[in-house]
Every structure is written in structure tokens, then in C-alpha cells.
Amino acid sequence: MQKFIVVVLLVFTFSIVSKAQADLSIPDSLKTYKLSDVVITATKTFTPAIEVASSVTIITEKDLINSGKIYVSDILQDVAGVSVAQQGGAGKLTRVFIRGANPHHTLILIDGVEVNDPGSISNAFDLANLQTINIERIEILRGPQSTLYGSDALAGVISIFTKQGSGKPKFSVSAEGGSFETYKGFLGISGGLNYLKYSIGYSSLHSQGFSSSNKKYGNSENDSYQNNSFNSRIDLNPINNLELDFIFNYSKSKAGLDQNEKLGDDPNFFSNVDESLFKLNGTWNLFNGYWTQNFGVSIIKNINKTTDGIDATHPNLSSVNYFTGNRTKFEWQSNLNISRNNGLTLGFETEQEKAYSDYLSTSEWGEYKSVFPSNKATTTGVYLQDQLKVMDSFFSSFGIRYDKHNRFGSVLTYRIAPTYFLSTTNTKLKATYGTGFKSPSLYYLFDPMYGNPNLKPEKSKGWDAGVEQYLFNYNFTFGLTYFNNNFTDLIGYDKNFKTINIDKAETNGVEVSISTSAIYNFILSTNYTYTESKDKSLGNDDSGKDLLRRPKNKISFNINYSFSNANLNFEILNIGAREDKDFSTYPVQRVKLKSYTLLNVAVSYKFINQLSLYGRIENLTNTDYEEVLYYGTASRSAYLGLRINF
């Protein structure tokens, strides 16, 4: 089936090339498009959105401000093909699912740096501490993307870009407070002069929170959260064709936790997380921009210490869990514009991951100790991409990649993504097919009790096809996309609880979106996603059943209205029923979490250019719901803030 799809895409590519070359009478209408969005993540080059076949969602700084939301996870919940599950309130474990795939099948980038945690069991990224402050743009790319990004990008990529400074010095101060005794402050400075640009910020957030274990079961102990973050970016332009970027981010947080059970209150259960990111990047433009060299080195380090002290509810239970993971990566990319209609991208990457953990617990059965000794793995990859444009109507990219892992060997991935624009009807036809892989995590490879050094990478094959229709002078856009993904060699456990490549899964569905430009100061956007996600593994109890915590149906509706110096944002989010498991029972039982609808409102008013008052109400109707079984979610809550820019 997959070979047939590739053949169809290749036939589609060559037939459309012939059609575009023959139809010399098509006007160059693309030059007059109002579609000015440029996508970076899809091709690792600056590409107009109209030329991109991939399913991609762009969230701008203005979108973030209008929504009033402070967590990236809340923003992602509105995106087609994306769902989120959080184990309690602020600062608690938060996972993202793209098109029904596992959370560790999504690659998360911050300013091009991979932040998936090498110290976690599956190398997934926890979005719990990621806030929208100082973010300029988010791109969500759906479908297998390993050809450009290597491991972890089986289902998609979420790329976050922080703000750059420019112009005269600008100071930004904001403060807000609200429900659950929540207080947040931010102080930042940015600007630029001659060969230097800078952006520096510090934020602090404190909240008493609510019970991580759902209060409706009788839990009453609030689980607090506090986070302090520092971000900095320095851009230097020492000579005309050379730019150097220095990025350093640091975050320190502490969150109260509860046990994973119906009566899970635990007042002495805390998680302490330190996250740091450093990147040095250079861009060298040659021959008036026809040849661009990008080179960079990045380092991330995550330290997590979880402690559970003895208390009245758990008089015989205590534990300390310490784990750390870091990644050092070097990358080089060369972009060559062969002509106006053809560009080549050649890239090389090598990275080393390290991890260590130490776990000690005491209970009525005695003491238990588990040490994951320091281990590391190295991956080196090279990729080639060709981007083709014909008569400003047909656009295509084809890429291939080879990766070498020092444990499991090598893997080859590829991707083809053609799109055709019919200027007579303003219709865009698009399709993609690609393969992806995920290297086994260090835990899966080397854990003394459960690890298996002979594991192979998890793999995926995915395709999608769709149409985008532009109406009313491009002020109205309709999109429809069908997707299908097959995952093989997924890591599971044998009868002795050793990790092996045994599991399979398949996801498919439909994404529908409608959006408008500003019409009489109104901006409307809505999307619907239907997702089927099935466990295709053989010989286990879940075979043929839905994958956990993925809703089949999801609808997002957003309307934004600007008037005078004010802005009003209204959002409706409906999440369909999803299945989960009650891990506190034996045997483990499946349960169904009911569907729910959330209404959120955000408003802002600018007194003068330098002073704005803003506020929001979340869960306006006070809906009772669960994203993860037995874990609490926020009731109706309100927040008010003040922002000063000068």
C-alpha cells in the first residue's frame, strides 16, 4: 500500500509539472497574494505558505496576546490534529499528541534546539513549564518529518521561535493575578544598535493551585506551583554577510504532585525541575544570498528531582527520584539556490545524549533502590532536499536522509511533498508521503532491569492529501485534509518485562479548518478533527482497541473582535470522549472519559500605546471534566493583568 502511494505521488508530481509547463497562459498571480505567511519548519528554509504541501499551523505573537493564555499547552489544544493531556493543574506532567501518535513521537524545538528530554523514559518533552511569554511564533507541522529532523519526528514537529530585539531600547513590564492565588510578573528589555540586537527577559509565576487528584473523589489538598525563568538572545552582525546568534534560556520550577489513584492526595510529594538551553548559531550568506551556510552547536540539560515524604496519609511510604539528561548537538546546513525555481539543501548533524538516574523508596515491604548508571548514545545524520517550483503553480520538495546510531546501526528515511495551485479557482491541492524513525531512549537501551541494547528504532510511514480553497479575495480560507499513519517496531515489554520491538499502531482521520481575515474587525477561525487511533499489536489485551487519551472528535471555535483600543477574544473548545485506564486496579480496567466543552474569554484595553489592561476568564461555564483519569482540572477562574511597554 505504501509503495502504491509513493508511485501515485510521483505520477502526480510529474503530471503536474508537465501541466504547469504547458500552461504558459497562467498569470503570475502568486506575486499579488495577500498570503504573506512564511513557513520555516516545513523545509528548514524560508518558504511562502502557499508553496508548502505539509499540513502546518502558524500561531503568531498577536494570536498569543489576543488569547491571553500563558501556557503553550493551552494554545496547542486549539490546533487541528493536536490534543493535550495534563495530570493536574499548572506544572504537572503535560503531554501532546499529534494525529493520535504517542507523545514521544513529536519533536519539540525552541529556536531550532531539540528539547525532548534524554533523561525521561521515552525521550518525550514535558510541556508543563513552557509559557507563552517572550514567544514570537509557533509552527506546528503534522506528519512524519524525520527526513529533515531525524529521530523523534514520527508524527510531527512543534517549533517555537523566541523574540528578537531591534531598534531603540524597549522595556516591558507586566503583572497579573487571579484565581488559585496565582501571581505572575515579567520584566524584559530588547533593542538593537548597529551590529547588535538583544532581547532579555525574566518571569516569575506562583500559584497555590488546586488538588492534582480530582476533588470530586474527596481530595482536598492543593498542589502549588512556582516557576522562575530567564531568557536571553544576542544577535551579532560583525560583517555584512555574517550573523551570529547566542541564545541562553533557564527555567527552575517546583510543583506539588499527587498519587495516581482515586484518593491520591499527598501533601509531601514534590517535583523540582531545572531546564537549561544554550545555542550558538552562525549564518553566512555568499554570492548575494544564492548560497547560505548555517552552522550551530547547542546544549540542553534537564535535572529532575522528585521527593515524596512520609505523611499521615502515607505513613510508610517515601521516595527520592533523581534523573538528569543532556544533549550536545552540532549541525551544519547549506542552502544553494540553483535558480529562481530550484533550491538544494544539504545538511549534517551529530548529537550525543547522556542520562543518569537514581531512585530510592521505602515502604512497608522494605527498601528498594534502582540506579540507572550514566550512559550515552551518539547519532550522526546527513540529509538532502530538493525544492522545485514550476510556473508559480507547481511546488514540490523531495528529501532523503541517512542516520547512523552507535547502537542499532543505520536507518534511511525519505519524504515527497508536491502541491499545485489552480489560479483560475484559487484552489491549492496538496499531498505528502514520508517515513520517520525514533531511536530507542537511553532508558530502553541500558536500564539494568528492563533495558535491551539490541532494540531497533521505532518506525512510521504516513501520508496525507488535501485541498485548500481561497475565496473572497483570499479573505476566506477552507481546508480539508485526510491523514494516515502506520507505526511499527514500537517498543513494548516481553513476559519478563524486558523492552522489545513488539507493538504496532495505526492512526487516520480528517482535519477540517475555516478561517477569515479581518472583516469589519472580526477574525473567525474554527477547526474540526476526527481521529481513529488503534493498537495493532498482536497477542495483547489492547489489540484492536483505541489508543489511550486520544479523543476521536475535537472542535475549536475562535472569534476575535477589535474595536477602538479594545480587543475581545471568545473561544469554544469541545473535546470528545476518550479512553483511559485505571492503573490502581488489578487487573487494570479500561474506562471512558466523557466529552466536555470549555468556554474561554479574553479581553484587553489599551489606555495609551504604553499601557494596557487585560484579563481573561477560563472555563466560563464551570465545566467538570478530566483529561487524565482521577486527575483534577481547573474550575471557573479569572485573571487580571497590567502591561507596560516603554
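1. Overall dimensions. For a chain of 646 residues, a compact globule would have a radius of gyration near 26 Å, and the 25 Å found for the protein chain in this predicted model agrees with that expectation. The C-alpha trace spans about 80 × 60 × 50 Å along its principal axes.

2. Composition and burial. The protein chain has five helices and 33 strands, and buried residues account for 53% of its 646 residues. Of the contacts between residues at least 6 apart in sequence, 62% join residues at least 24 apart.

3. Strand 9 as an enclosed element. Seven of the seven residues of strand 9 (residues 156-162) are buried, so this strand is largely enclosed by the rest of the structure.

4. Pairing partners of strand 9. Strand 6 (residues 106-110) runs parallel to strand 9 and is joined to it by five bridges, with Ile158 of strand 9 as the bridge partner of Ile108. Strand 8 (residues 135-142) pairs with strand 9 in the antiparallel sense over seven bridges, and here Ile160 of strand 9 stands opposite Ile138.

5. A nonpolar patch on the surface. Trp284, Phe295, Phe330, Leu346, Phe348, Val382, Leu384, Phe398, Ile400, Tyr402 and Leu412 form a nonpolar surface patch whose accessible area together is about 950 Å². The elements that give two or more residues to this patch are strand 18 (342-363), strand 19 (366-390) and strand 20 (394-405), and the largest share, three residues, comes from strand 20. Trp284, one of the patch residues, lies in strand 15 (residues 269-286) and is partly exposed, with a relative accessible area of 40%.

6. Salt bridges and the Arg327 pair. A search of the whole structure finds 37 salt bridges. In one of these, Arg327 pairs with Glu114, and the closest N and O atoms are 3.5 Å apart. Arg327 lies in strand 17 (residues 318-339) and Glu114 in strand 7 (residues 113-114), so the pair ties together parts that are 213 residues apart in sequence. Both partners fall under the 20% cut-off for burial, as Arg327 has a relative accessible area of 2% and Glu114 one of 6%.

7. The side chains of Glu351 and Lys329 meet in a salt bridge with an N to O distance of 3.9 Å. This pair links distant parts of the chain, with Glu351 in strand 18 and Lys329 in strand 17, 22 residues apart. Glu351 is buried, at 13% relative accessible area, and Lys329 also counts as buried, at 9%. A network of salt bridges links Lys44, Glu114, Arg327, Lys329, Glu349, Glu351, Glu353, Arg401 and Asp403.

8. The Asp580 pair. Asp580 forms a salt bridge with Arg549, in which the closest N and O atoms are 3.1 Å apart. Asp580 is in strand 29 and Arg549 in the loop between strand 26 (522-535) and strand 27, so that distant parts of the chain, 31 residues apart, are linked by the pair. Asp580 counts as buried at 0% relative accessibility, and Arg549 counts as buried at 18%.

9. Backbone geometry to check. Most residues other than glycine have a negative phi, and most peptide bonds are trans. Asn194, by contrast, has a positive phi near 50 degrees; this residue lies in the loop between strand 11 (182-193) and strand 12 (196-207) and is exposed, with a relative accessible area of 76%. Ser564 likewise has a positive phi, of about 50 degrees, although it is not a glycine; Ser564 lies in the loop between strand 27 (553-563) and strand 28 (566-575) and counts as exposed at 71% relative accessibility.

10. A cis peptide bond. The bond that joins Tyr586 and Pro587 is cis, with omega about 0 degrees. Pro587 lies in the loop between strand 29 (578-582) and strand 30 (589-593).

Note on methods: Residues are numbered from 1 along each chain as its sequence is written. This is a predicted model: local features need pLDDT of at least 70, side-chain atom pairs count only at pLDDT 80 or more; totals for chains, interfaces and linings use all residues. Side-chain values use heavy atoms; hydrogens and water are left out. Buried means under 20% relative accessible area, exposed over 50%, partly exposed in between (1.4 Å probe, protein chains only). Helices (H or I, at least four residues) and strands (E, at least two) are DSSP runs, numbered from the N terminus. Two strands pair if DSSP finds at least two bridges between them. Patches are made of residues with over 30% relative accessible area and no salt bridge: like charges are joined within 9 Å, nonpolar side chains (Val, Leu, Ile, Met, Phe, Trp, Tyr) within 5 Å. Accessible areas come from the Shrake-Rupley method with a 1.4 Å probe; for residues, only the protein chains shown count as cover. A salt bridge is a side-chain nitrogen of Lys or Arg within 4 Å of a carboxyl oxygen of Asp or Glu. The radius of gyration is taken over C-alpha atoms; the globule rule is 2.2 Å times the number of residues to the power 0.38. Contact means heavy atoms within 4.5 Å.
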